[in-house]
Amino acid sequence: MAMQIEALSDVMAAAVTSVDLSSSVTPDVASALSDAVIDHLVLCIRDQTMAPKAFAQASRIFGPPKRFVLRRDRLDDAPEVSIVSNRPPSLEGKPLVQAKHWHTDDSYFAEPATLTLLHAQTLPDAGGDTEFINCYAVLDTMPADMRTRIEGLRAVHKYKSRRNMSWVANQSPEEKAETPPVDHPLIRTHPQSGRQSLYINPNRIDHIVGWNDADSDALLDALYDFAFQPQFQYRHKWLPGDLVVWDNRCLMHRANDEYDVNQLRVMHRIMLEGEAPV
Ligand SMILES: O=C(O)CCC(=O)C(=O)O
Ligand SMILES: [Fe+2]
């Protein structure tokens, strides 16, 4: 049967069935998948079985994969693939839900990853969902006065920001040297869709360029309150074999932590080479 793509909600996301990425796909299928990410922002490709190396190969359909920066979390035989587990190695078996606050991946880099791919390995019996915010919709529905205030502004993003909400792994001196603070516009234009979205990362944004902390905090709090509203959200409930691909240029996401964390949850993850937000 030919590949099928079906919307999962009105806000964003689509499910893809009848395709197997463990071996190479035709150019038509590859371009249909790449286009579908741009149109739906989140793509869930069902029923995939792939070892890390095959996963790294399959990710090339969407673009070149990056080597993951944190040495400890990446795989030796496939350094593009990192492990997202609720048992982080540094905590020696103690459960912890990583990435449970709203964020977009990789924004502490000058060229943040375009897409992230997450492939379910081990899922809890219930829950462990991933939630998404459509940041095109956020900007499109923003009150005019708020939009006018942020026009032309840039924000400083840091690996460990003053306002960080999530647990972040400690970096080695080498890793630290690779990640100096950067700044990005608050409104960015997607190079493929041509659409503008709100580009914010509550975990990594430290302050607005040229603003003091108090004024920055007030503006950021207002933006976050607006963006976090439920009408902008899609919540993905994982099935075994799901490979979820999302576009970091126009959405935020978080891991939902309201589940039994005594049950193991493990994902394989790849980020693609990035581009500077404009
Ligand atoms: O575990 C999840 O559901 C999301 C993790 C995450 O934020 C990521 O892989 O970028
Ligand atoms: Fe993330």
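In this predicted model, strands β1 and β2 form a hairpin in which six residues separate the two strands. Within the turn, A13 has a positive phi of about 85°. The strands, β1 at residues 4–7 and β2 at residues 14–17, run antiparallel and are joined by four bridges. One of the residue pairs is E6 with A15, its bridge partner in β2.

A13 is also among the contacts of V42. When neighbours within four places in sequence are left aside, V42 is in contact with M12, A13, F132, Y234, H236, V244 and W246. V42 belongs to the largest nonpolar core, which has 56 residues; V42, I133, C135, L198 and V245 are the members that touch the most others. Helix α3 (residues 135–141) supplies the largest share of this core, five residues.

In helix α2 (residues 52–59), the buried residues include P52, F55, A56, A58 and S59. These residues lie on the same side of α2, because they cover an arc of only 165° around the axis. The buried residues of α2 pack against strands β5 and β15.

The shell around ligand 1 consists of V84, A99, D105, T116, L118, T130, H253, A255, M267 and R269. By type, the shell holds five nonpolar, three polar and two charged residues.

Technical notes:
Residues are numbered from 1 along each chain as its sequence is written. Chains are lettered from A and ligands numbered from 1 in the order in which they are written. This is a predicted model: local features need pLDDT of at least 70, side-chain atom pairs count only at pLDDT 80 or more; totals for chains, interfaces and linings use all residues. A residue is near a molecule or strand if its C-beta atom, placed from the backbone, lies within 6 Å of it. Ala, Val, Leu, Ile, Met, Phe, Trp, Tyr, Cys and Pro count as nonpolar, Asp, Glu, Lys and Arg as charged, and the others, Gly among them, as polar. A nonpolar core is a set of buried Ala, Val, Leu, Ile, Met, Phe, Trp, Tyr and Cys residues joined through C-beta atoms within 7 Å. A residue is buried if 20 or more other C-beta atoms lie within 10 Å of its own, exposed if 12 or fewer, and partly exposed in between; C-beta atoms are placed from the backbone. Two residues are in contact if their C-beta atoms, placed from the backbone, lie within 7 Å. The arc is that of the directions from the helix axis to the C-beta atoms. Two strands pair if DSSP finds at least two bridges between them.
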